[in-house]
Amino acid sequence: MPLAPCDDTVTIADLTHDPYRFYKKARHHHPVVNVSSVKRTMLTKAEDTKFVKDNWQIFSSDDPSTPMKRAFQAHTLMRKDGVEHMRERNAMTAAFSQRNIRDVWVPLYEKIADDYIGRLPRGETVDLFHALAAPVSARCLSHLIGLEHASDNELCRWSQTLIDGAGNFGWADAPFAATDRANDEINNAIQKTVDDHDANETPHAIAAMLNLDMPMDIDVIRSNIKIVIGGGINEPRDAMLTAIYGLLTNPDQLADAKSDNGLWQHAFEESVRWVAPIQVSSRRTLEDVEIRGYLIPKGDVVMTIQASANHDEDVYEDGHLFNLHRPKQPHQAFGNGPHFCLGTHIARRTVADIVLPRLFDRFPNLALDLGKPVLFQGFGFRGPINLPVKLH
């Protein structure tokens, strides 16, 4: 079997600014392609990305060349499989239970959303990235993980710094210098919660790991909490901003959502399908594998491109468009298999059930500031980096 064709033209900068152009070309001409700039074989079709995620016995999460370990100063559960992965993942699941979501987190998040949306200055122009999406996501997460004493700005900075480091496929020095500083600060914040722990307090993630019959070691607690900080702010933040942008650029769909509360859920799902917050994932092959007639040798690293899978023409018609009324199809924005995102249900409730209806109820004539373009950015993780709106 031949090896996958190689593309040595697309750069990390290209993929950061506009990856979808390359992914569309790849799906049509070389859906399995080795990309020199990231030193990985990209899989751009939905069938192939799902196959990899569903078969961890063949495709290991333990990719020794990933920048995540360097950025997080830990071999995280995201890079583990089987019993080891499930042990660390399950240590936190009590905090994410449906009962806690219903009885603890949703009532609290409703109050947080009311507070932050209530602060928005009516009649003015603001950037919803900084004025709403990032701080609301940070404050909600602070309670979920047990770092309420950390400020919104600290949490947002830690999250973005870790994400930038985990996506530093060019291994530049500056992002890792920033993650080193952030790790020190996060470790200190976690230690404060551990030192003050009370088994009867709010059932946050740190408490869940400490309340086990055999509590998790501090290194595992740090690693797990950093993973949740990395994704638990960026994912709801970017989904929220993408959904608002998609609705504001499709006023007929926004009108439909306002008249039917059930469509807020559709807006959330369509936003993460349209622009997946986590765009790519890496897996290391444990044996020789054939994909679409190409040999992927044992030890090679493949990159599943969720962003591309969610636009795959075999699954979606006009996948490049935001469409609230799109026929229901499973997307891969939150992954597949054992690594399916633990925070999916909380993100869905936060964005679709709480923030979107409250925001458009308070500002029924909310509109984009057309003088300031909205910019999407990111290769490993992607979303709007601004969302200037007029609050009417």
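Select Thr285 and display its surroundings: leaving aside residues up to four places away in sequence, Thr285 touches Ile58, Phe59, Ile296, Pro297, Lys298, Gly299, Asp300 and Val302, where contact means heavy atoms within 4.5 Å. The model is a predicted one, in which local features need pLDDT of at least 70 and side-chain atom pairs count only at pLDDT 80 or more, while totals for chains, interfaces and linings use all residues. Residues are numbered from 1 along each chain as its sequence is written, and side-chain values use heavy atoms, with hydrogens and water left out.

Is Thr285 buried or exposed? Thr285 counts as buried because its relative accessibility is 1%; buried means under 20% relative accessible area, exposed over 50%, and partly exposed in between, with a 1.4 Å probe and protein chains only. Its side chain reaches the backbone oxygen of Pro297 at 2.7 Å.

Next, select strand E6 (residues 280-285), where Thr285 is found. Helices (H or I, at least four residues) and strands (E, at least two) are DSSP runs, numbered from the N terminus. E6 runs antiparallel to E9 and is joined to it by 5 bridges; two strands pair if DSSP finds at least two bridges between them. Within this pair, Ser282 stands opposite Met303 in E9.

Now widen the selection to the sheet. An open sheet is formed by 6 strands in the order E1-E2-E3-E9-E6-E4, with mixed pairing. Strand E1 (6-7) and strand E4 (59-60) stand at the edges with a single partner strand each, so one side of each has no neighbour in the sheet.

Move to strand E3 (residues 40-43). Arg40 and Met42 point one way, Thr41 and Leu43 the other, and all are buried. E3 pairs with strand E9 (residues 301-305) in the parallel sense over 3 bridges, and the bridge partner of Leu43 in E9 is Thr304. With strand E2 (residues 32-35), E3 pairs in the antiparallel sense over 4 bridges; here Val33 has Met42 as its bridge partner. In the hairpin of E2 and E3, with 4 residues between the strands, select Lys39, which takes a positive phi near 55 degrees.

Finally, select helix H2 (residues 19-29), which lies across E1, E2, E3, E6 and E9 and runs at about 135 degrees to E2. Helix H3 (residues 46-54) also packs on the sheet, touching E3, E4, E6 and E9, and its direction makes about 120 degrees with that of E9. Axes are lines fitted to C-alpha atoms, for helices over the stretch in contact, and angles run from 0 to 180 degrees between N-to-C directions.

Definitions and conventions
A polar contact is a pair of N or O atoms within 3.5 Å; within protein, one must be able to donate a hydrogen and the other to accept it, and residues adjacent in sequence count only if both atoms are side-chain atoms.
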